[in-house]
Amino acid sequence: TDHFRMIFQYFQSNSESVMNGICGLLALASIKTYTCFDFSCPCLPWYNMAYGFGIMFVPPVALFLCGLILNRQSLVMLEEWRRPQGHRKKDLAVIRYMCSSIVQRAMVAPVVWIIVTLLDGKCLICAFSASMDPKKFVGFANASLVQVQQLLAKVPCKDDELMRNNTSRKAVSRYLRCWSQALGWSILLILIVAAFLARWLRPCFNQATLLQAHHWSNYIDIEQRIFEETCCEHSRLFAHKCILHFFESMRQEIKLHSFSLPREGEGAEGKEDLLWGITDHDQVNKLLKMWYYEKPPLDVSQVTQR
Amino acid sequence: MDKFRMIFQFLQSNQESFMNGICGIMALASAQIYSAFDFNCPCLPHYNLAYGLGILLVPPFILFLMGFVLNNNISMLAEEWRRPQGQRGKDRAVLRYMFCSMAQRAMIAPAVWVSVTLLDGKCITCAFCTSVPVETLGNTSHPSLSQGEMKQVLARIPCKEIYNGQELIANEVAVRYLRCISQALGWCFVLLMTTLAFLVRSLRPCFTQAAFLKSRYWSHYIDIERKLFDETCAEHARSFAKVCIQQFFKGMSTDPAAARCHPPRKAPGDTGEGAEKLLGITDQGTMNMALKSWHRCKPPLHLHPAALPSGNSWAGEGQPPTHPPVPRRETAAYYSWV
């Protein structure tokens with residue numbers, strides 16, 4: 001567990017590293033989800049295409065939204081965008097920078113899903129098997145049109161009784177898979193070339209503005225965090241004073257009502273009484289009832305004046 | 001755990017060691033992706049060559065570019081290349097060194113992929129099965145087929161289940177032949193790569209060692225300088241934010257608008273440690289006002305020098321002391337964004 005803690009600390013040290021870490025985790029989760037998912041093509045003429053495209057495009061949308069939700073910076077950016085101007089000018093370049101970095105990170109998991117889907121091939125085979133040209137494949141050339149549609153739709157189901165040993169089924173399957181894999185690799189190639197060009201060419205345009213936008217977006221994030229910490233700290237002190245005041249007023253009330261011998265020697269002024277003068281069952285019950293029925297007001301200005 | 005921490009720190013300390021780590025991970029990932037990838041030869045005459053060569057060459061190119069993309073030094077290199085000269089001269093040798101070291105590291109994962117592919121043999125079998133020499137390996141007494149039909153039959157060699165040319169040429173014979181060639185190519189490639197790497201490493205000290213040491217030093221320096229600059233900026237932003245927020249809270253408690261609802265019950269100069277830590281906000285109304293104001297009206301990015309800790313480089317930096325605190329808030333917007 002020690003090295004987990006170290007890795008965790010490394011990622012926590014920098015908020016960008018945290019976001020990169022979340023992005024990587026989502027990508028791995030996306031691959032794992034795909035391998036665990038039990039793909040089952042319906043093997044019926046129109047349902048195939050709906051199912052195939054659904055599996056290829058709906059989970060990426062969900063993953064994209066997850067990527068936006070899990071990223072703390074998206075809330076910070078929204079707040080910066082919608083706040084009234086007040087005393088501090090708004091810099092659109094900073095907001096644009098934050099938006100683009102959030103969207104880039106959120107796009108990684110959906111893209112990974114789509115590419116893994118294409119490289120695996122099952123989705124495309126399911127979606128397009130019924131749209132194949134039967135003349136290209138020997139086993140399907142002689143059947144009537146309606147029959148051929150039904151047969152082709154059954155191609156993704158290996159265990160169907162009609163399809164079990166059909167060599168043309170394997171030919172169709174292989175053909176579609178080849179196209180699916182080619183499409184997957186091409187998309188990956190295009191994306192990597194785009195990422196490479198973006199990284200290489202970015203310093204050529206407006207590097208100074210970029211540095212400024214990066215710095216101020218970082219600043220806004222830090223400021224929000226420190227504000228939250230200060231508020232927490234403040235509310236802790238506030239609560240402490242409020243409760244001390246409450247116990248003190250309880251103690252004074254008990255002193256007023258109690259008939260016990262006044263114990264001068266106790267040094268009530270000098271020594272701090274940890275029990276606040278509440279020393280028996282009834283007094284504690286009274287205190288608890290008072291805490292529930294009559295909570296003290298949120299105002300410690302008198303306490304701090306002492 | 002101590003050893004692990006030391007290794008981790010060692011890898012982190014130097015950008016080059018970190019990049020070596022990433023390079024190793026990518027090489028392993030490349031081998032893993034190849035074994036996870038489901039190779040699926042189309043077994044059709046022209047598709048075979050396209051598919052086989054595609055799988056042999058496209059992923060290495062992708063891995064090569066990914067090696068550049070994942071390397072943080074690339075933006076450093078581009079920045080160093082494009083920056084205006086200013087007061088610091090530019091040294092071409094340093095840029096060349098950085099580029100060469102990045103390119104060398106990025107070449108490892110593609111080389112691993114190509115070697116693994118060739119040694120495994122499926123790609124070459126798929127791509128070149130239609131070029132198998134039937135005259136020498138096959139059954140010459142078989143009635144001859146037309147060129148197109150022969151190609152169709154040969155194209156099915158990688159797909160054993162649908163192969164129908166057993167009389168023409170035995171499947172195992174063709175596959176064994178192609179595999180043998182593929183593995184020979186694979187080992188030659190591995191030998192070539194290792195020889196090149198060996199030559200590059202061992203010949204370099206014979207030429208230009210002094211220049212090399214200089215380039216390496218200055219490229220490390222640029223990297224460390226950039227990292228330190230980023231850390232200093234972050235540190236500065238943190239201190240700036242702390243002081244800004246403290247001043248905001250203080251401003252809240254003495255603000256006349258807040259005082260209208262809750263007249264201040266204490267003089268500003270008074271009080272004990274408790275009020276100090278509470279930043280002057282002691283009741284619900286003032287706190288609500290502070291929170292509302294934080295959203296509606298964020299404070300300007302302009303710290304009052306009187307409140308700054310001594311020794312801070314900000315103190316006394318160009319803020320004319322004659323401006324009274326209240327009007328400064330309105331003009332501060334001009335100074336806000338650096």
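**The interface of chain A and chain B**

Tutor: Two salt bridges are found by the rule across the interface of chain A and chain B; the rule asks for a side-chain nitrogen of Lys or Arg within 4 Å of a carboxyl oxygen of Asp or Glu. The model is predicted: local features need pLDDT of at least 70, side-chain atom pairs count only at pLDDT 80 or more, and totals for chains, interfaces and linings use all residues. Residues are numbered from 1 along each chain as its sequence is written, chains are lettered from A and ligands numbered from 1 in the order in which they are written, and side-chain values use heavy atoms, with hydrogens and water left out.

One salt bridge joins the side chains of A:Arg177 and B:Asp38, with 2.8 Å from N to O.

On the side of chain A that touches chain B, the elements giving two or more residues are α1 (2–13), α8 (167–201), α9 (207–257) and α11 (301–305) of chain A. Helices (H or I, at least four residues) and strands (E, at least two) are DSSP runs, numbered from the N terminus. By class, this side of chain A has 28 nonpolar, 15 polar and 13 charged residues. Here Ala, Val, Leu, Ile, Met, Phe, Trp, Tyr, Cys and Pro count as nonpolar, Asp, Glu, Lys and Arg as charged, and the others, Gly among them, as polar.

In contacts (heavy atoms within 4.5 Å), 56 residues of chain A meet 78 residues of chain B. The size of an interface is often given as the accessible area lost when the parts come together. Between them, chain A and chain B bury about 6,900 Å², with 70% of it on carbon and sulfur atoms; buried area is the accessible area (1.4 Å probe) that two parts lose on being put together, summed over both.

Now for the partner chain. Chain B has 15 helices and zero strands. Of its 338 residues, 37% count as buried, meaning under 20% relative accessible area, with exposed over 50% and partly exposed in between (1.4 Å probe, protein chains only). Among contacts in chain B between residues at least 6 apart in sequence, 75% join residues at least 24 apart.

One residue deserves a look in each chain. A:Cys43 is in the loop between α2 (15–36) and α3 (47–70) of chain A, and B:Cys43 is in the loop between α2 (15–36) and α3 (45–69) of chain B. Most residues other than glycine have a negative phi. Phi of A:Cys43, however, is near 55°, a positive value, and phi of B:Cys43 is also near 55°. A:Cys43 counts as buried because its relative accessible area is 7%; B:Cys43 is buried too, at 3%.
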